[in-house]
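Keep the viewer open and follow along as each residue comes up.

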Amino acid sequence: MPEIPEPGPGNPAEFYLDMARATLSCRKNMRRFGQYLLFLVIVCVFGAFFLWPIYRVVRIGFFGVPVAGENGHFSLQYLAAVFQERSLRAGLLNSAMIAVGTTTLCMLISIPLSVLGVRYDFFGKKLLSALLLVPLILPPFVGAIGMRQILGRFGVLTAIAQHIGLVAAGQPVDWLAWRMVGVMLVMALGLYPILYLNLTAALSNIDPAMQQAAANLGAGRWMIFRRITLPLMRPGLFAGGTIVLIWSFTELGTPLMFDFYTATPVQIFQSLGQVEGSPIPYALVVIMLFSSVLLYVAGKLVLGQAQATAVTKASVQHTTVKLGFIGSIPVLIPFVLVSGLALMPHVAVVLMSITKVGTWYQSALPRVFTTAHYIIGLTHPLAVASVKNSIFYDSISTVVDIA
């Protein structure tokens with residue numbers, strides 16, 4: 001703490017100036033102390049609720065489950081056992097394929113939509129842009145429930161195909177025969193908004209003067225997109241693509257809803273409930289952690305090489321091309337198609353919630369509607385307690401996240 005000078009016979013202005021300096025120095029020290037204290041609190045919170053649980057899981061993966069107070073000895077045998085088991089190897093491979101396939105589908109969906117959304121101001125843009133983000137409200141596995149109702153053997157698509165004569169009556173088609181493809185599709189329709197938002201932000205920050213200069217030099221639209229726009233989109237591709245890649249690699253609910261059990265997250269979930277005290281599930285978690293890091297590094301190497309021009313200030317203000325109703329139709333089609341496909345599983349879930357059990361079978365729409373499910377959900381003790389717990393924990397999580 002700086003010493004406050006005593007008044008003397010000298011110049012009083014110098015005395016008050018010294019006092020002001022001492023006060024400012026004291027405030028600076030107090031502010032710095034508060035910053036260090038806040039930093040310490042953040043470190044403790046992350047250490048207790050993030051690093052410590054990871055450490056416990058990783059330790060069991062290398063040292064085994066503690067027995068009778070003994071911590072065990074370091075060994076790689078548990079990790080080796082994972083790769084020696086054929087089903088576990090297949091689970092890792094399938095999870096990686098799901099992650100890559102889902103991210104690729106998200107890119108194929110999001111890149112055209114983001115380019116069109118940034119470049120054009122078309123009819124119904126605000127409404128369709130909002131509808132594109134609706135899948136963020138619910139996790140992908142909720143959409144998987146509705147997708148099974150649509151693509152199941154006796155679901156909506158089979159009923160429509162039989163009605164128009166594409167499928168013979170009494171010969172249902174299992175549209176979900178390739179479970180992995182269904183998992184990729186549902187997860188892509190649930191996660192593409194993450195990539196879409198990142199790409200839209202990246203495209204909005206691109207200097208239009210660079211594209212105009214390329215056009216003046218004779219470059220066509222495809223060359224401008226391939227040589228100018230796409231490289232400058234890399235930061236957005238990396239930011240959104242990495243989240244989608246790791247999310248889909250570690251997703252549990254969607255494979256479970258599709259009865260696709262040869263995936264590492266599902267195998268971990270089942271092993272923890274079936275084999276008590278086994279270190280194999282923890283070894284699987286360790287491998288998933290390392291795999292997630294490798295996927296992140298791979299994405300960084302492929303997409304994360306930021307261009308120097310991507311962070312410079314735009315010399316020309318970005319403007320959108322305003323389209324009339326007729327001119328908006330070609331742009332509207334992909335937005336309507338994607339938003340319709342993304343909302344379709346959730347609409348099916350809503351219809352299932354008001355359908356009497358056993359009445360939505362081999363038909364395009366439910367036959368008998370009822371509100372009994374909602375009455376049970378709002379009155380049954382287990383359901384009410386679950387809803388209360390969800391709201392309570394979600395509220396606490398939100399407050400902690402904001403803090």
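## Salt bridges

Two salt bridges turn up in the structure, which is a predicted model. Side chains of opposite charge can pair when their charged atoms come close.

Start with K322 and D121, a salt bridge whose closest N and O atoms are 3.9 Å apart. That value falls inside the cut-off, because a salt bridge needs a side-chain nitrogen of Lys or Arg within 4 Å of a carboxyl oxygen of Asp or Glu. What does this pair tie together? K322 sits in strand β2 (residues 321–322) and D121 in strand β1 (residues 120–121), so the contact joins parts that are 201 residues apart in sequence. K322 counts as exposed, because its relative accessibility is 68%. D121, with a relative accessible area of 28%, is partly exposed.

## The pair D259 and R148

The side chains of D259 and R148 also meet in a salt bridge, at 3.3 Å from N to O. Distant parts of the chain are linked here: D259 belongs to the loop between α11 (253–257) and α12 (264–274), while R148 is in helix α5 (residues 140–151), 111 residues apart.

## A positive patch

Now turn to the surface, where R27, K28, R31 and R32 gather in a patch of positive charge. One of these residues, R32, is found in helix α1, which covers residues 12–63.

## Cysteines

How many disulfides does a search of the whole structure find? The search finds zero. For orientation, a disulfide is a covalent bond between the sulfur atoms of two cysteines.

Two cysteines to look up in the viewer are C26 and C44. C26 is partly exposed, with a relative accessible area of 23%. C44 is partly exposed too, at 48% relative accessibility.

## A stop at A239

Finally, look for A239 in helix α10 (residues 234–250). At 29% relative accessibility, A239 counts as partly exposed.

Technical notes
Residues numbered from 1 in each chain as written. Predicted model: local features only at pLDDT ≥ 70, side-chain atom pairs only at ≥ 80, totals over all residues. Heavy atoms only, no water. Patch = residues over 30% accessible without salt bridge, like charges linked within 9 Å, V, L, I, M, F, W, Y side chains within 5 Å. Areas by Shrake-Rupley, 256 points an atom, 1.4 Å probe, with all protein chains shown as cover. Lys, Arg positive; Asp, Glu negative; His and termini not counted. Charge placed at Lys NZ, Arg CZ, Asp CG, Glu CD. Helix = DSSP H or I, 4+ residues; strand = E, 2+ residues; numbered from the N terminus. Buried < 20%, exposed > 50% of the residue type's maximum accessible area, 1.4 Å probe, protein only. Disulfide = S-S within 2.5 Å.
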